[in-house]
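Hi,

Here is the model I said I would pass on.

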Amino acid sequence: MMPNLMTPRALRSLLPAISFTVLLIGIFYVQPRAMSFMGLNLMLNLALPIALATIAQMFIITMNDIDLSLGGFVSFTACIGATLLGESPVLGVLALLACIGVYALLGALIHVRNLPSIVVTLGMSFVWLGAAILVLPTPGGQAPDWLRAIVSVKTPFVPFVIVASAIIAVGVHLFLMRSSTGVILRGAGGNPQAVARAGWSLFRAKVTLYALAGFFGVLSGLTLVGLTTSADANIALRYTLLSIAGVILGGGEFVGGRVSPIGAVLGALTLTLASSLLSFLRISGDWQIGAQGAILILVLALRTLVNRMERRK
Amino acid sequence: MHERRADKHEFSEQGRPFHTRPHSMRLVDGSVPSRTSNLNAVNFNIKGNETMSKYYAALFAMTVSVLALSPAHADTSSKKIAFSNNYAGNTWRQAMLASWNDVTPKAVADGIVAAADVFTTAENQATEQAAQIQNLVLQGYDAIVVNAASPTALNGAIKEACDAGVVVVTFDGIATEPCAWRVTVDFKEIGYRQVKFLNDLHPEGGNLLEVRGLPGTSIDSQYHDGILAGVKDFPKFKVVSEVQGDWSPTVAQKAVASVLPSLPDIVGVVTQGEVGFGTAEAFKAAGRPIPTVFFGNSQAELAWWKENIDKNGYKSLSGSIPPGMSSMAFWVAQQILDGKKDIPKDLTVPFLAIDAAGLDAALASTPEGGVANINYTQDIAIEAIAAASKQ
């Protein structure tokens with residue numbers, strides 16, 4: 001049976017895809033050169049680490065928490081990727097695993113002590129930045145060759161970044177939206193009392209979500225350093241806000257449990273495209289942040305409109 | 001690096017009054033290259049092509065491969081140059097953009113290049129600038145002049161630009177990617193020249209205080225190496241203390257003031273950045289005789305120097321990297337597009353030095369709170385390239 005595309009619910013989940021398509025058409029119109037394999041690749045390849053960071057942030061937002069340390073964390077893992085991972089792979093992998101472990105511990109700490117995640121992660125953002133400077137005091141380092149090879153794979157017909165984004169989006173979607181574990185994880189954010197009363201451990205759900213966020217944060221740092229070939233302790237600081245914006249743009253909400261992995265990836269790509277479009281339109285950098293904010297507000301306004309339609313019915 | 005200093009300020013200077021305009025041009029200064037006599041020495045024939053430029057543009061597509069092979073200059077009138085700038089929030093950067101805007105519109109009007117557009121990123125972040133560079137490639141620019149947010153984090157994007165056939169010229173904030181050109185000044189020479197000047201002034205030698213820049217930057221270590229080389233050549237001088245000045249007058253003033261009580265007599269303060277004024281003030285506040293302090297081309301320093309020349313014949317030197325380096329990078333990009341692929345990747349151009357004789361002229365042309373500047377012409381660029389190619 002064909003689902004009715006005009007229901008508010010369907011409209012809401014289609015909104016990220018619609019805004020992405022509208023931007024893409026706008027770009028093709030302004031800059032036809034972008035309508036090619038190379039064009040798409042150039043425009044979007046830096047969106048891959050943003051998409052991964054957005055997925056990481058989405059796991060935290062699933063729990064009705066927020067992660068203000070993600071940018072620092074991605075920078076730190078990028079620095080490890082450019083130093084330890086190449087020099088002694090075993091130590092590098094151990095360090096990255098330890099990073100994921102720290103994220104899981106943070107989840108445990110926040111749950112057990114009932115701390116506000118915004119405070120804990122704000123503190124951690126300075127810890128990660130400091131650690132990144134310790135690992136890489138001056139910009140430099142070298143991403144291992146295999147990492148650079150992976151991120152610059154030339155897939156046929158469709159640029160690698162699009163293939164990879166699709167795999168990530170669908171993979172996380174299947175896990176979080178379709179599997180029974182996913183249902184519990186979302187439930188732990190959306191209705192913790194119900195989940196706890198049903199006998200599921202909120203502690204385990206939180207630790208799992210934080211560990212997953214750490215895992216995708218590590219992936220984001222590694223893809224980033226693979227793309228840039230070397231690192232800088234400040235390299236990804238703006239990912240914190242970009243990732244939150246990506247989740248929200250993609251249909252996530254700050255109420256816990258209401259997230260969309262496919263929407264989040266599309267949101268990250270949309271933000272990247274938005275800055276490309278603005279730069280093709282020759283809008284000066286000073287205005288670009290404001291214009292990006294305007295796009296975000298526009299999409300959110302549309303969503304509110306859809307929600308109101310829903311309520312009227 | 002200018003942008004790095006700026007970052008530092010954002011954290012360290014919040015809430016502080018704006019008295020000594022710390023955000024201005026930290027690095028800059030140097031001696032004016034006395035090049036006026038050579039201005040007409042090398043003259044390229046590009047300007048003469050104006051009337052023919054449309055015809056050439058049409059012809060260009062067909063003959064591009066031939067031109068690329070021949071060492072003769074190609075017509076660059078159809079070429080577009082973009083300037084990817086990571087930061088515009090201090091006076092040095094403003095002067096840098098002003099130089100670009102002074103020089104390039106005329107080049108466009110004269111038909112030397114088709115466009116020379118500035119793109120400044122809003123957040124001074126490497127990933128943002130990397131995306132910007134990729135967008136500029138897509139927009140069909142033939143060359144991109146870059147003042148980089150990071151010496152390394154843009155390498156991936158720059159490599160992709162090179163692979164797409166785009167010429168990338170970095171300056172000031174340079175990038176280490178081998179396919180890019182780097183236009184810089186010899187910071188080591190500035191450091192060395194300070195010690196040499198002291199040797200002429202005080203042949204008997206003496207103790208030196210060194211004010212360093214922002215730790216961990218290559219520019220700081222280049223200055224330092226120059227000073228070490230100077231002390232090695234003139235062993236009567238000894239650096240008795242080093243302080244960290246972060247290229248900021250206020251930071252330097254505090255740092256110098258805190259070590260002064262422990263120091264023996266000092267004959268000279270070797271510096272980097274525009275810290276001379278703050279350093280001299282620290283000596284004055286401690287009631288000690290003001291030694292020979294070197295300057296970094298800021299208007300405040302030059303004004304102080306001038307005042308003290310009138311008072312007691314104060315002798316010193318001022319030197320730094322001029323913000324007009326942006327215009328030099330523009331001409332270098334134009335020359336590369338012109339078919340000169342053999343230009344050395346590391347291009348060192350003369351720094352802007354000001355001595356007592358040139359002080360009045362420099363002071364007259366430097367706005368209050370600004371930094372001494374020089375706009376480079378195409379001829380100076382050609383000359384600098386020729387000099388660098390010979391080495």
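**Where the chains meet**

The contact between the two chains draws 31 residues from chain A and 26 residues from chain B. On the chain B side, β3 (115-120), α4 (126-138) and α5 (155-163) each put in at least two residues. The top contributor to that side is α4(B), with 10 residues. By class, the side of chain B that touches chain A splits into 14 polar, nine nonpolar and three charged residues. Keep in mind that this is a predicted model.

**α5 of chain B**

I'd look at α5(B) next. How many of its nine residues are buried? Seven are, so to speak, under cover, and the helix is mostly covered. The buried ones are Asn155(B), Gly156(B), Ala157(B), Ile158(B), Lys159(B), Glu160(B) and Ala161(B). Their cover comes from both chains: it includes α2 (37-44) and α12 (202-228) of chain A, along with α4, β4 (143-147) and β5 (167-171) of chain B. Just past the end of α5(B), Gly165(B) has a positive phi of about 85°.

**The rest of chain B**

Chain B also has an open sheet of four strands, in the order β8-β7-β9-β10, with parallel pairing. The edges are β8 (237-244) and β10 (292-293), and each has a single partner strand, so one side of each has no neighbour in the sheet. Strand β9 (residues 268-270) of chain B runs parallel to β10(B) and is joined to it by two bridges. Helix α7 (residues 218-233) of chain B lies across β7 (206-212), β8 and β9 of that chain, and runs at about 170° to β7(B).

Then there is a helix pair. Helix α8 (residues 249-259) and helix α9 (residues 276-285) of chain B pack with their axes 7 Å apart, at an angle of about 35°. Their crossing is right-handed. On the α8(B) side, the residues in the contact are Pro249(B), Thr250(B), Ala252(B), Gln253(B), Val256(B) and Ala257(B). Across from them, α9(B) brings Phe277(B), Gly278(B), Thr279(B), Glu281(B), Ala282(B) and Ala285(B). Sorted by class, that contact has seven nonpolar, four polar and one charged residues.

**Chain A**

Chain A has 15 helices and zero strands. Along the principal axes, its C-alpha atoms fill a box of roughly 60 × 55 × 40 Å. Buried residues account for 51% of the 313 residues in chain A. Of the contacts in chain A between residues at least 6 apart in sequence, 78% link residues at least 24 apart.

Is Tyr29(A) buried or exposed? Tyr29(A) counts as exposed, because there are 12 C-beta neighbours inside 10 Å and the cut-off for exposed is 12 or fewer. The C-alpha atoms of Tyr29(A) and Leu277(A) are 10.0 Å apart, although 248 residues separate the two along the chain.

Technical notes. Residues are numbered from 1 along each chain as its sequence is written. Chains are lettered from A and ligands numbered from 1 in the order in which they are written. This is a predicted model: local features need pLDDT of at least 70, side-chain atom pairs count only at pLDDT 80 or more; totals for chains, interfaces and linings use all residues. Two residues are in contact if their C-beta atoms, placed from the backbone, lie within 7 Å. Ala, Val, Leu, Ile, Met, Phe, Trp, Tyr, Cys and Pro count as nonpolar, Asp, Glu, Lys and Arg as charged, and the others, Gly among them, as polar. A residue is buried if 20 or more other C-beta atoms lie within 10 Å of its own, exposed if 12 or fewer, and partly exposed in between; C-beta atoms are placed from the backbone. Axes are lines fitted to C-alpha atoms, for helices over the stretch in contact, and angles run from 0 to 180 degrees between N-to-C directions. A crossing is left-handed if the near helix is turned anticlockwise from the far one by less than a right angle, and right-handed if clockwise. Two strands pair if DSSP finds at least two bridges between them.
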